[in-house]
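Please look over the sequence and structure before reading the points below.

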Amino acid sequence: PLMFFGTTNLDLCFNVERLPTPGESLMGKLNRNPGGKGANQAVAAARLGLKPLFYTRLGGDEAGQSLLQSLREAGVRAEAITICAGEVSGSALVLVGDDGSNMIVIDPGANLNVMPAMVESAAAFIAPGALVVAEMGLPISALNRLFEMKSEKGFELIFNPAPVRPGLSPAAWRQVDYVTPNQTEAFELTGVEVTDFDSAAVAASKLLHLGPKAALITLGAQGAFYADAAHSFALRAFPVKVVDTTAAGDAFNGAFAASLAQGLPLRDSVRRALAVAALCVTRRGAQASMPLAAEVDEFLKS
Ligand code: ADP
């Protein structure tokens, strides 16, 4: 049993020749894509063949309906999702230039209205022994409540601290089993600039002081670094031709969680997450770029 808690957005992606300057109007090509870190992570796990539960909050608008439908179609279990009439769903305006540069504006909408009490009711869906994954786009008060419930509910907890924000309580930090920042987030949390595996080791030991049992730092094209109190290891990223790195971290987190939930050993789970993220960056889009289990097996064999 695997359950994700996180945000859902409708991404309005405009492909433009170049980014506009203030006051300028440009023509672009619009694609409406389902997004949001939590949703991307849940979809990554579903594409790998799991039936993950997802808790998120959607507005009662048209965007909410289409986001819910696309989650279901991807194989995500939606029974814990709340839809709120009178609220707008989260959305993001994304401008992508031909050179790959981007500008993004996010309206979190309903995602910001997740209250601790709602997380508490959603937690009724968590089976004993389940693996729970949370990202940091939800209100911190809701995350504090979720993490607090860990011992009474008896779940394992992966925390993807993205985007980094202050306010998670020391007690909540101590409930975390795996904290999974990228290089930027690791820097924001520890003040250590992560440029290679050696600096990742320094950042990881600082992360462990915050309370988590293990730290798993992703380093883009370099790979990932794991450390707990007893041991550490680094695994290199799979070399691939990069097309679009959108949602690489979400692919990694969704796949790492899915692999642990399927009972793979730790190191194999990290390796599979690297493979899934590598395949993700060879394809355009967020959820559309998440590979199927068979594609990952094939990739790992070759
Ligand atoms: P985020 O997408 O959150 O910024 P990273 O940039 O660290 O996170 O990427 C997450 C994971 O995606 C990496 O650990 C790696 O497995 C994979 N990845 C990202 N960029 C590349 C790349 N250029 N080549 C291969 N794998 C990549």
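The model is predicted. In the UniProt record, an unreviewed entry, residues 2–291 carry the feature "domain: Carbohydrate kinase PfkB".

**Annotated domain**

**Ligand shell**
- There are 19 residues around the ligand, and those that come nearest are Thr218, Ala221, Ala248, Gly249 and Ala277.
- At least two residues of the shell come from each of strand 13 (223–228), helix 9 (248–261) and helix 10 (266–281).
- Helix 10 gives the largest share of the shell, with 4 residues.
- By class, the shell around the ligand holds 13 nonpolar and 6 polar residues, and no charged ones.

**Helix 7 and helix 8**
- Helix 7 spans residues 183–190 and helix 8 spans residues 197–210.
- The axes of helix 7 and helix 8 come within 10 Å of each other and cross at roughly 55°.
- An angle of 65 to 115 degrees would count as roughly perpendicular and one under 35 degrees as roughly parallel, so helix 7 and helix 8 are oblique to each other.
- The crossing of helix 7 with helix 8 is left-handed.
- On the helix 7 side the contact involves Ala186, Leu189 and Thr190, which meet Ala203, Lys206 and Leu207 of helix 8.
- This contact of helix 7 with helix 8 comprises 4 nonpolar residues, 1 polar and 1 charged.

How values were computed. Residues are numbered from 1 along each chain as its sequence is written. This is a predicted model: local features need pLDDT of at least 70, side-chain atom pairs count only at pLDDT 80 or more; totals for chains, interfaces and linings use all residues. UniProt positions are given in the numbering used here, feature names are shortened, and annotations may be inferred rather than shown by experiment. A residue is near a molecule or strand if its C-beta atom, placed from the backbone, lies within 6 Å of it. Ala, Val, Leu, Ile, Met, Phe, Trp, Tyr, Cys and Pro count as nonpolar, Asp, Glu, Lys and Arg as charged, and the others, Gly among them, as polar. Axes are lines fitted to C-alpha atoms, for helices over the stretch in contact, and angles run from 0 to 180 degrees between N-to-C directions. Angles under 35 degrees count as roughly parallel, over 145 as roughly antiparallel, 65 to 115 as roughly perpendicular and the rest as oblique. A crossing is left-handed if the near helix is turned anticlockwise from the far one by less than a right angle, and right-handed if clockwise. Two residues are in contact if their C-beta atoms, placed from the backbone, lie within 7 Å.
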